[in-house]
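Visitor: I am new to this structure. Could you walk me through how to read its strands and helices?

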There are 2 protein chains.
Amino acid sequence: MFKTIEWTNEGVRMIDQTRLPAEEVYVTCKDAAEVANAIKRMVIRGAPAIGVAAAMGAALAVSRSSAPDMERLRQDFEAGAQCISQTRPTAVNLFWAIQRMRAEFDRSMAADGSDEDRIRRAKERLVAEARQVLEEDIAANRAIGRHGAALLGSSATVLTHCNAGALATGGYGTALGVIRAAVGAGKKLRVFADETRPFLQGARLTAWELASDGVPVTLITDSMAGHFMKQGALDAAIVGADRIAANGDVANKIGTYSVAVLARENRVPFYVAAPLSTVDLSLASGDQIPIEERSPEEVTHLAGVSIAPGNVEARHPAFDVTPHRYVTAIITERGVARAPYTESLRALTQ
Amino acid sequence: MFKTIEWTNEGVRMIDQTRLPAEEVYVTCKDAAEVANAIKRMVIRGAPAIGVAAAMGAALAVSRSSAPDMERLRQDFEAGAQCISQTRPTAVNLFWAIQRMRAEFDRSMAADGSDEDRIRRAKERLVAEARQVLEEDIAANRAIGRHGAALLGSSATVLTHCNAGALATGGYGTALGVIRAAVGAGKKLRVFADETRPFLQGARLTAWELASDGVPVTLITDSMAGHFMKQGALDAAIVGADRIAANGDVANKIGTYSVAVLARENRVPFYVAAPLSTVDLSLASGDQIPIEERSPEEVTHLAGVSIAPGNVEARHPAFDVTPHRYVTAIITERGVARAPYTESLRALTQ
């Protein structure tokens, strides 16, 4: 079984998701800037996985520092954190992870002892905290899986969009964690995977993950999901999330909003599976979630091949926001939230 | 200006749409089987263009025949018609064109005179009829354009899906004919073009056509249309059709149904532009329209490059059916039909 991301003595090791499924290649990032670059290039992607990478990048910024005192170690931490924070704006897990690492650093800063002792302890603590972020994420996904599996019938065909699998997280997956848990509980599932243009996370990553696990998967283009819902071929839709506002509005991969609208129109339950680290109670609604606009070249080109006239203008919002009224339930590690989300999400995070 | 299809002394000449926009290459089909193959391979596509090609293919079956008598000429006609009829099931224009050519043949068959005279006249008449189908299609599109342009504001951003342009018709286009007529009438239009996976008619053909005409076009993935509607960026959606049932249900390129649902959800008018040759009053509803299932390889591969794990199952319905309740209006060459379509479409076809 592949590992999405892990801490090694050589640095932060990740499977290169830009090269899947053709090649299973790993890269090792040796400092925070390399981690930032990996996030930006989508070597690693998926909100929870980005959170883990950010935590490990912050840990690298400290553990690889040669700062002679705590104040300069803090500067190195903040430089690394800054670099990582500027990579991708939508997934809140990145900022959540940086903040969690900063809190750990602050505890080391406030500790008694010589600078030498505090530096050694800070390095140990931040590496341990980053590894903890990874472990907790996997544990959260397994809990999400258990809660979510109960929502699926004993035989069901489930649509998913993008990749909210082991590759999008520390491991196991959120939306695909629900699938895995349901299959593990003996349910007979088939997954319809939206290919998820432009980056093809569905075709490249979800299809690969599920095929590797032996879960029956059918690949479709994003434009086919509505058709199959109308035909009655789909029993549920499950997606991940990059950020969930206090009112339950969900930012997720571009196209998720369309899936949600089509699901409601066809009375197909639409579930969002995400750890509570994805919930941003500081934002009242999804209107306030920053939406990353990526390079139009990712739309006009595919695998390096131009698929459009050379001079054509293109747009590439990488995410959209699904208003909470389309969301049947939000599956978290602490249980299933339902409308009104302002209350249910707050209750789960307390 | 390119010609989608034309009758020449050498045969039926078409621009090869599988090679656009990279190369502007023409192919000449010398018999009905070559025309059938061109339709099947999507060298030519788009319901009205398929109708023209079918008519010209049937004309070739007769004009290139060396049958010594009318009965054997009829056999050659029927063999060609049969070959062409088995290419693509959804666009009714193909069957409409064959039927029209058969009626012309029947007139020649019933005429007085020697076999030699009737054969010569049948050959002339069928070629003339096929050229007439082309001319009428272009004229219909110009009329559709005039009727449709009146529905658009003086400044509007319009979404289109697939290619319902000059390339999909004898010339000028249906949905893009409306755009062209509106621009010609001095309206300021911008077009958002869905790329239209898997065959990328939007990215390859619509973007190319509009850019060639100097109409501002923005390319998006199919999954982005809903997002931009929700943002209020789109004032209308216009698509073509492959077959329209008596009740106004519309079969069109896969993904059209999703666009229609998202348009209604966001109060964006959803227009269908099509000649009356696309209306099939013999079918009470869209449930009866045969939907072509094409090769899954067109989903798992792009420009010859595999974009998914090698063994993954894929589905490829090439069309979907949009129930009439999502259709704001159907724009035909004889005017604009609105609900109830069972009455308005019948009135226009009488």
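**Strands and helices, step by step**

Guide: Let us begin with one pair: A:Ile331 has A:Val336 in E17(A) as its bridge partner. This is a predicted model, in which local features need pLDDT of at least 70 and side-chain atom pairs count only at pLDDT 80 or more, while totals for chains, interfaces and linings use all residues. Residues are numbered from 1 along each chain as its sequence is written, chains are lettered from A and ligands numbered from 1 in the order in which they are written, and side-chain values use heavy atoms, with hydrogens and water left out.

Visitor: What joins E16(A) to E17(A)?

Guide: Helices (H or I, at least four residues) and strands (E, at least two) are DSSP runs, numbered from the N terminus. Two strands pair if DSSP finds at least two bridges between them. Here E16(A) and strand E17 (residues 335-337) of chain A run antiparallel, joined by three bridges, and a hairpin of two residues connects E16(A) to E17(A). E16(A) also pairs with strand E10 (residues 270-273) of chain A, in the parallel sense over three bridges. There, A:Ala329 in E16(A) is opposite A:Tyr271.

Visitor: Which way do the residues of strand E16 of chain A point, and are they buried or exposed?

Guide: In a regular strand, side chains alternate between the two faces of the sheet. In strand E16 (residues 329-332) of chain A, A:Ala329 and A:Ile331 point one way, A:Ile330 and A:Thr332 the other, and all are buried (under 20% relative accessible area, with a 1.4 Å probe and protein chains only).

Visitor: What is the order of the strands in the open sheet of four strands?

Guide: The order is E11-E8-E9-E15 (chain A), with mixed pairing. Strand E11 (279-280) and strand E15 (319-322) of chain A are the edge strands, each pairing on one side only. Strand E9 (residues 250-253) of chain A runs antiparallel to E15(A), with four bridges between them, and A:Ala251 has A:Val321 as its partner in E15(A).

Visitor: At what angle do the axes of helix H6 and helix H7 of chain A cross?

Guide: Axes are lines fitted to C-alpha atoms, for helices over the stretch in contact, and angles run from 0 to 180 degrees between N-to-C directions. The axes of helix H6 (residues 175-184) and helix H7 (residues 201-213) of chain A cross at roughly 15° and come within 12 Å. Angles under 35 degrees count as roughly parallel, so H6(A) is roughly parallel to H7(A). With contact meaning heavy atoms within 4.5 Å, the residues of H6(A) involved are A:Leu176, A:Ile179 and A:Arg180, and those of H7(A) are A:Thr206, A:Glu209, A:Leu210 and A:Asp213.

How values were computed:
Angles under 35 degrees count as roughly parallel, over 145 as roughly antiparallel, 65 to 115 as roughly perpendicular and the rest as oblique. Buried means under 20% relative accessible area, exposed over 50%, partly exposed in between (1.4 Å probe, protein chains only).
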